[in-house]
Amino acid sequence: MHINPRLEEAVVKVLLWLFTLITVFVLFFIIFYILKHGLPVVNYQFLTTDPMDMGKSGGIYTTIIGTIALTLVAILIATPLGIGTAIYLTEYTRENKITKIIRFGSECLAGIPSIIFGLFGFILFVTKLKMGWSILSGSLTLAFMILPTIIRTSEEAIKSVPYNFREVSYSLGSTQWQTVIKVVLPSALPGILTGVILSVGRSIGETAAVIFTAGSALRLPTSLFSSSRTMAVHFYIMAREGISMPNAYGTAAVLIITILIINIVAYRLMHKFIKKYS
Amino acid sequence: MVSSIGGANLRMEVKNLNFYYGRSLALKNINMGIENNKVTAVIGPSGCGKSTFIRILNRMNDIIIGTRVEGEILLDEQNIYDPRVDVVEIRRKIGMVFQKSNPFPKSIFDNIAYGLRINGISNKTEIIDRVEMSLKNSALWDEVKDRLDDNAFELSGGQQQRLCIARALAIEPEVILFDEPCSALDPISTAKIEELINQLKEKYTIAIVTHNMQQAARISDYTGFFLLGELIEFDKTEKIFTNPSQKQTEDYITGRFG
C-alpha cells in the first residue's frame, strides 16, 4: 500500500506525539493526585510522631524508621554481593556457558514478581531459619530482589571503563586485583552508584516482598530482629482496611517525594558518568 | 635472510619467535637482538605485525584471549615466557608507552605515583621525590611543577604523552618499549619526545615501533623492517637507510609501497 509520504510522516508524528503525551499525562496525573490528597496532612508533626489508633491518627515516624532500616540493611547485603558478582563476570572470566547461565539466572531473578520473593523469604527466613517477622528477614528478601539490578548496572559500568586503563595498569606491573581495585572500580563508581540508588528506590517502594517477611508491627524497631512496618506497607494496610484515607495519602505523598528525589540524584549521577567518558 | 648483529651487549634477545592469534600465524620465525643503551626501531607498513611484536616483549599480549607464543624472548639471558617467571615482575622491568596517550583520570601526581604505590612504596617523601625525578627525566617538570594536583586530562596531547613516559620511568624499568608514541602528536611535540628518547637511552634500553621512517632514521641505532609478519631485514639504522641488502626494504624506504 502506498500513501503520500508527506501525509505518512504527519500521521506518524501526531501518533507518536500522542503516545508521549499520554505517558507524561499519566505520570503527572498520579503525582498530582497523590500530592493533592496527601500534602495537606504532611507536616513536621506527621513525620515525627508515632502512629496512633492503628494509624488513624498520629504520624508515620515508626514507618519511616522501619523503611530506612530495611532499605539500609538490604543495600548493605546486596551491594558487596552484586559488585563482587559483576567483577567476577566482567574481569575474571571469559564469556562461556557458565557466565551465560549466571547471567540468565540473574536476569530471571529480576523478572520474578516481588510477591514470590515475599513468599520465598517467608518460607526460608521467617519460618525455616526462625528469624521470624523481622527487619533481618525483610532485608535479606529485599537484598535478593534488588541483586540483579545491582549486578547488571555494575557490569555495565565496569565494561564501560576504557580497556587501555587496564593495559597501562598491567604494563606498570600491577596484578589483576590491584587493577580492579585501583583503576577499574574508581572509574566505574558513578555507574555502580546509580544502580545502588535505583535499588534504594525500589526497596523503599516495595510492599509485597516486605509484608510477608518484616511483618507490620507499628512499634519502633529496636533491633534487627524486631518486626517493622515500612511506609509502603503502612499505606497498603491503611487503604485496604479503610483506616484513614487522608493519612494513607499523606504516607503516599512522602513516599513519592522520596522516590522522586532518589531518581533525580541517580539521573544526575548517570549523566555525570556519561559525560566523563564520552 | 636476516642479517644478524654481532653486538655482544644484548639486553634482550628474540629467538625463533612465532606468534599466533588463534590459528593464524601473525609473526614468523623472528630473530633479533635489542642492544643495551641503544634505540632499536621497528618499522613496516600497517598490519605487518610490528605492534604485535613489541607487545610480546613485555607480555602485554597475554591479556588477549587465544594468543600463543613459540620460541624464546630473553631478558638478561632469562626467558620471560618461562612458566616459572612472574609476569608482573617482567612488566615491572620492561615498561611501555602506548600509541595513544592514556593517563588515568587522576591528578598528574597520582598518575605517576600509581606505579610506585602498587609496587609497594608507601613512604610519602620517597613517592614525592620519585615523582619529581620522573617528571624531570621526562622533561615535563618545568611545565607542571605548580599544578601537580590538576587532572591529567587538562594537559595537552604532547604533555600527556610525556606524562605517560614519566609514569613508565617512575618504577625504574630496565627496558622501555614505545608503541608508536608520536602517531597522534604534532611535529613540535614529536620533536620533544624524540629528544627525550635520545636522552633516555643513556640510562635505559629502548625499543620503538614507528610508522614514521624519518623518525626511525633520526633516533634509532638499529632498525628492523617487518613485512607481513616477517622480519625482512635487521641492521644498523645507517645501513638500512643507505644501503639495505633486501629489495623489499629498499622498496619500502624509498616509498615504492606502504
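Two residues are in contact here if their C-beta atoms, placed from the backbone, lie within 7 Å. With that in hand, residues 24 or more positions apart account for 69% of the contacts in chain B with a separation of 6 or more.

A word on the model: it is predicted, so local features need pLDDT of at least 70 and side-chain atom pairs count only at pLDDT 80 or more, while totals for chains, interfaces and linings use all residues. Residues are numbered from 1 along each chain as its sequence is written, and chains are lettered from A and ligands numbered from 1 in the order in which they are written.

Chain B has ten helices and ten strands; these are DSSP runs numbered from the N terminus, with helices (H or I) of at least four residues and strands (E) of at least two. Its C-alpha trace spans about 55 × 45 × 35 Å along the principal axes.

Let's look at helix H7 of chain B, residues 187–200. A residue is buried if 20 or more other C-beta atoms lie within 10 Å of its own, exposed if 12 or fewer, and partly exposed in between, with C-beta atoms placed from the backbone.

| Residues of H7(B) | State |
|---|---|
| B:Ile193, B:Ile197, B:Leu200 | buried |
| B:Pro187, B:Ile188, B:Gln199 | exposed, on the face turned away from the buried side |

Cover for the buried residues of H7(B) includes strand E3 (39–43) and helix H6 (157–170) of chain B.

Finally, the two chains meet: chain A brings 15 residues to the contact and chain B brings 20 residues. On the side of chain A that touches chain B, H7(A) gives the most, with six residues.
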